[in-house]
Amino acid sequence: MIWISAAVGLLVVLLILVIGPYLGIYGTRDPLDDAEKQGQKT
Amino acid sequence: MSLPWINIGIVVLLGILFIIIGQYFSRKVSSADEYIVGSGKLGVAFGMTALLAFWITGNTMLAAPESGFNWGLTGALAYGFGGGLAVVIFGFLSKRIHQVIPNGKTVGDFYGTRYDSKNYYLFLVLLIVYVIGFIVTQGIGGGILLEQVFDIPYYLSVVLTFGVVIAYSYFGGFRSVAGVAYFQVLLILVVAIVIPPLVYFNVGFGAVYSGMENSAPERLNLLNEGGLLFMTAGAVFLIGEVFMDNTFWQRAYAIRRDDVLKTFLLSGIGWALVPLAVASLAFVALAFGDEPAHPNQVAPLVAQVYGGEAAGWFFLVAVWTALASTTAALVNGLVTLVMNDIIPQLKDGEPTDEELLQYGKYLTVMVGIAGLIFSLPQILTMLEMLIFLGVINAAFIFPIVLGLWWEKTNPTVVFLAVILATATGYAVYFAIGDLQGIVVSGWVSFLVIVTGSLIRPSDFNWQQLYNTGITYQEGDD
């Protein structure tokens with residue numbers, strides 16, 4: 001059971017990291033725009 | 001022993017059809033870029049078929065029923081869940097890829113620019129090991145299946161598969177592979193939709209349920225521990241496969257930016273239905289006590305015994321089509337990686353577009369023949385090989401995810417994390433269990449990168465990624 005929990009935990013961490021930015025859970029700053037805005041400056 | 005000419009004839013006819021379609025799509029290929037990512041303007045329909053044709057692999061058609069046979073309902077659900085989730089999550093990643101590195105072409109473009117050269121070469125070496133291993137799983141799986149279920153000698157079926165794949169990928173590269181994929185997916189989906197219901201109507205749904213209740217009641221238990229571990233740890237290695245595999249990055253770039261998330265979401269959901277459908281065939285074998293020579297062969301055996309001879313042939317068509325499309329996509333994915341990431345560094349001076357295109361064609365033949373030769377000795381079974389390579393896949397999940405979103409991700413820490421994760425993953429793989437090795441590899445990679453990068457944060461300039469590949473894209477939008 002401990003291995004199943006470890007695998008579930010890993011999947012949850014991954015989901016938070018990948019989908020989190022789209023849900024705005026990291027605060028008001030939208031990290032999705034950063035690279036694009038920097039790119040458009042040049 | 002007389003050869004089964006009808007079965008061989010089906011495979012040869014299909015092969016000729018794929019080669020003709022591949023030739024048709026190759027007419028428009030005039031540059032190395034088109035050989036690598038096509039026009040970069042695939043919409044939802046062609047984008048989905050390019051994704052589905054690659055991801056409905058020989059494993060989907062054979063190993064999904066195997067997991068249903070081993071772990072019952074949970075095993076069948078696990079395969080569909082893991083593979084589908086991987087594609088859905090990569091959809092979110094693809095959107096970010098289009099934003100931060102819009103002019104890249106391969107996963108190597110990202111990894112090489114985001115990190116340093118030591119990371120880049122480590123990644124390329126392990127990626128090439130993984131891709132060749134994956135190509136070999138398709139060759140071995142196809143060879144064993146065609147030999148044991150359809151009586152086509154192993155060597156002949158491996159040669160036929162690789163011969164056809166090399167022939168249709170040679171001329172048009174990605175364009176041919178994606179074009180043929182459209183027809184391959186139609187074939188596979190028709191079989192996945194028609195054969196399982198046909199079998200169930202023949203034997204009766206109630207009979208299968210009561211048969212399983214009597215002969216294998218534990219396989220009806222959704223909380224089966226082995227099945228749950230396969231569902232969760234399996235999802236981790238399938239996600240790792242998708243993230244580091246260049247074939248998915250190619251498709252992310254080949255699909256229009258506005259459609260990319262939608263395409264991956266729909267493909268993930270659509271894909272999950274295929275392993276679920278074919279895995280349900282395993283329940284018939286469990287209910288009626290059929291024991292295949294190898295659990296891998298349970299689905300074709302059930303299709304043949306309970307669906308009739310025609311159903312057996314159609315299943316042969318679907319499995320072989322899945323094997324061919326996946327092998328073609330893998331060969332093309334590896335070739336494009338070498339064209340884009342290795343040849344320019346080996347050659348003195350920038351290769352011309354024409355030279356690069358010619359290299360791509362030669363490489364297609366070389367990689368195809370390498371896959372053919374390595375497939376002949378039958379080293380491991382398909383699922384064993386995939387789980388073995390899963391330790392490497394899991395180690396690269398977080399370097400890719402954190403590298404795409406977190407500017408503090410430290411390249412030296414990533415390098416150490418990948419080595420440490422792979423080493424501890426394999427130690428656990430051999431000492432405790434294969435799926436456990438994958439979980440450990442993922443956790444070690446994540447914890448080392450986050451802790452190390454918090455202690456010694458980097459400050460990556462996203463501009464570097466944004467500018468990658470920009471000089472190669474003149475004339476494009």
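Biologist: Is B:Arg219 buried or exposed?
Modeller: In this predicted model, B:Arg219 has a relative accessible area of 19% and is therefore buried, given that the cut-off for buried is under 20%.

Biologist: And which residue does B:Arg219 form a salt bridge with?
Modeller: The partner is B:Glu218, and the closest N and O atoms of the two residues are 2.9 Å apart. B:Glu218 itself is partly exposed, with a relative accessible area of 42%, whereas B:Arg219 is buried.

Biologist: Which residues are linked in a network?
Modeller: B:Arg256, B:Asp259 and B:Lys262 are linked by salt bridges into a network. Within it, the side chains of B:Asp259 and B:Lys262 meet at 4.0 Å, taken from N to O. B:Asp259 is buried, its relative accessible area being 11%, while B:Lys262 counts as partly exposed at 45%.

Biologist: Switching to the interface, how many salt bridges are counted between chain A and chain B?
Modeller: The count between chain A and chain B is 0, although 3 residue pairs are found in polar contact across that interface, both residues of each pair being at pLDDT 80 or more.

Biologist: What does the side of chain A that touches chain B have, by class?
Modeller: That side of chain A has 19 nonpolar, 5 polar and 1 charged residues. In terms of area, the two chains bury about 2,800 Å² between them, with 75% of it on carbon and sulfur atoms.

Biologist: Which three residues supply more of the area that chain A buries than any other three?
Modeller: They are A:Trp3, A:Leu10 and A:Tyr22, which supply 24% of the area that chain A buries against chain B.

Biologist: How many residues are in contact on each side?
Modeller: On the chain A side there are 25 residues, and they are in contact with 35 residues of chain B. The elements of chain A giving two or more residues to its side are α1 (2–23) and α2 (31–40), and α1(A) gives the most, with 16 residues.

Biologist: What about chain A by itself, how many helices and strands?
Modeller: Chain A has 2 helices and 0 strands, and 36% of its 42 residues count as buried. Its accessible surface comes to about 2,500 Å², of which 66% belongs to carbon and sulfur atoms.

Biologist: Back to A:Trp3, which residue of chain B has A:Trp3 among its contacts?
Modeller: B:Gln436 does: leaving aside its neighbours within four places in sequence, B:Gln436 is in contact with A:Trp3, B:Leu229 and B:Val428. B:Gln436 lies in helix α17 of chain B, which covers residues 434–455.

Biologist: And is B:Gln436 buried or exposed?
Modeller: B:Gln436 counts as buried because its relative accessibility is 13%.

Note on methods
Residues are numbered from 1 along each chain as its sequence is written. Chains are lettered from A and ligands numbered from 1 in the order in which they are written. This is a predicted model: local features need pLDDT of at least 70, side-chain atom pairs count only at pLDDT 80 or more; totals for chains, interfaces and linings use all residues. Side-chain values use heavy atoms; hydrogens and water are left out. Helices (H or I, at least four residues) and strands (E, at least two) are DSSP runs, numbered from the N terminus. Buried means under 20% relative accessible area, exposed over 50%, partly exposed in between (1.4 Å probe, protein chains only). Contact means heavy atoms within 4.5 Å. Buried area is the accessible area (1.4 Å probe) that two parts lose on being put together, summed over both. A polar contact is a pair of N or O atoms within 3.5 Å; within protein, one must be able to donate a hydrogen and the other to accept it, and residues adjacent in sequence count only if both atoms are side-chain atoms. Ala, Val, Leu, Ile, Met, Phe, Trp, Tyr, Cys and Pro count as nonpolar, Asp, Glu, Lys and Arg as charged, and the others, Gly among them, as polar. Accessible areas come from the Shrake-Rupley method with a 1.4 Å probe; for residues, only the protein chains shown count as cover.
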